Amino acid sequence: MVRNGARTYGSRRGRGAVLAVLAVVLGLLAGFGQGPAPAWGAGGAACQVSWVGNEWTGGFTAQVTVTNSGAAVSSWKLSWTFAAGQQMTSGWNAQLVQSGTAVTASSLSYNGTVASGGSVSFGLQGTWSGSDPAPADFAFNGASCQGGSGTPSPTPTPSPTPSPSPSPSQSSSPSPSPSPSSSPSPSPSSSGSTGCAGAGTVVCSGFEDQSGSSLSGDWTVAAPDCSGAGTVTVDTAVAHSGGRSLRVNGQAGYCNHVFAAATANVAAVGPVVYARYWVRHTTALPADHIAMVTMADSADGNKHLRLGGQNGALQWNRESDDATLPAQSPVGVAQSVPLPVNQWVCVRFAVDTTKQSMDTWLNDQLVPGLHDDGVPTADIDQQWLSRTTAPRPVTLDLGWEAYGNGADTLWYDDVALGSAPIAC
């Protein structure tokens with residue numbers, strides 16, 4: 001239009017008039033909405049949000065990862081609305097507040113600083129009826145984000161769960177209480193290797209050495225307490241990496257136990273025992289007590305230290321006195337998380353053999369209810385700390401123990417245990 005106008009006037013004086021008019025118009029446009037420039041810069045979204053959901057009838061969890069697209073921040077708030085009226089019941093790694101359909105997640109003392117281009121993650125659990133769409137109207141510190149990704153469904157994609165360790169701007173060892181965490185250091189999410197070969201590693205298995213459907217070599221079928229109808233086989237149809245995995249057909253019913261036992265000597269691992277495995281399963285954790293990992297504890301008469309579930313969420317259980325971590329109160333259970341179904345997830349834990357100190361991570365996120373730092377925390381570890389002697393795991397078994405209702409099909413892969421942190 002400027003060119004046409006210039007040609008129409010056909011003189012230096014005419015062109016000057018046009019430019020003068022344009023200057024006035026541009027000046028008027030610039031006057032609208034004057035004020036400080038947005039912190040995120042012109043034309044850019046404040047953040048990108050990944051929302052990875054796991055859904056079952058009437059309930060859901062979501063792992064939310066926020067990538068800061070603007071300048072570094074020292075604290076943050078992420079807000080959104082639930083389009084179908086979902087209701088939160090608990091959360092972790094953020095302070096979550098819901099009013100009607102509006103939700104705000106605020107940073108905690110340990111994860112407020114997020115560098116430009118850095119990320120921070122948190123999780124939540126809730127209920128739904130009718131439908132459960134993922135939110136789409138996120139705002140980061142009041143500025144609109146570039147939409148969410150991922151939709152809660154029974155079979156969500158594993159991204160971004162297999163992603164590399166958290167950004168240095170995010171702490172990977174938060175404590176569920178105001179007191180500083182004394183969890184085993186260093187955190188597996190900030191050091192270690194992406195594989196599992198290394199000094200101090202005694203179990204490093206992707207089951208690729210198994211030649212048939214029956215276990216051999218580094219693994220053997222076991223039923224530490226009593227056996228039932230469950231089975232353990234090598235599967236070539238489902239794998240996290242490579243072409244093989246361990247398949248467990250876990251059955252319901254009291255004392256229905258079946259495991260794959262590592263033949264490696266675990267007794268010398270320490271002073272902190274670090275473990276990592278990838279697991280996929282088909283059925284949400286039941287209300288009844290089940291176990292998926294058992295380790296004989298030589299400091300407790302070889303009674304088993306068990307990682308499993310109860311009331312639909314992950315828990316540690318001690319065979320000798322049936323103590324649990326967290327406590328199985330509504331508040332305690334809310335500090336743990338379900339085990340997502342129909343997707344591969346990474347589970348890591350660290351057990352200190354010199355003092356009461358344990359931590360467990362699900363997809364590189366510390367589970368507050370599975371944190372023991374030796375200091376009693378309400379609804380978390382008072383019962384667990386009734387025994388002051390530190391555990392000393394000497395075996396590693398992967399499988400399924402049922403003590404009532406609860407059948408499941410599970411796959412384990414890329415299993416590692418050693419004296420140094422092992423990353424997902």
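This is a predicted model: local features need pLDDT of at least 70, side-chain atom pairs count only at pLDDT 80 or more; totals for chains, interfaces and linings use all residues.
Let me begin with Cys47, which counts as buried because its relative accessibility is 0%; buried here means under 20% relative accessible area, exposed over 50%, and partly exposed in between, with a 1.4 Å probe and protein chains only. Residues are numbered from 1 along each chain as its sequence is written, and side-chain values use heavy atoms, with hydrogens and water left out.

Which residue pairs with Cys47 in a disulfide? The partner is Cys145, and the two sulfur atoms lie 1.9 Å apart. A disulfide is taken as a pair of cysteine sulfur atoms within 2.5 Å, and by this rule the model has 2 disulfides. The pair connects distant parts of the chain, 98 residues apart: Cys47 belongs to strand 1 (residues 47-56), while Cys145 sits in the loop between strand 9 (143-144) and strand 10 (201-205). Strands are DSSP runs of E, at least two residues long, and are numbered from the N terminus. Because the torsion about the S-S bond of Cys47 and Cys145 is about 90°, this disulfide is right-handed. Cys145 is also buried, its relative accessible area being 13%.

I turn now to Cys346, which a disulfide joins to Cys424, with an S to S distance of 2.0 Å. Here too distant parts of the chain are linked, 78 residues apart: Cys346 is in strand 20 (residues 345-352), and Cys424 is in the segment after strand 24 (408-418). The torsion about the S-S bond of Cys346 and Cys424 is about -90°, so this disulfide is left-handed. Cys346, at 1% relative accessibility, counts as buried.

Technical notes: Helices (H or I, at least four residues) and strands (E, at least two) are DSSP runs, numbered from the N terminus.
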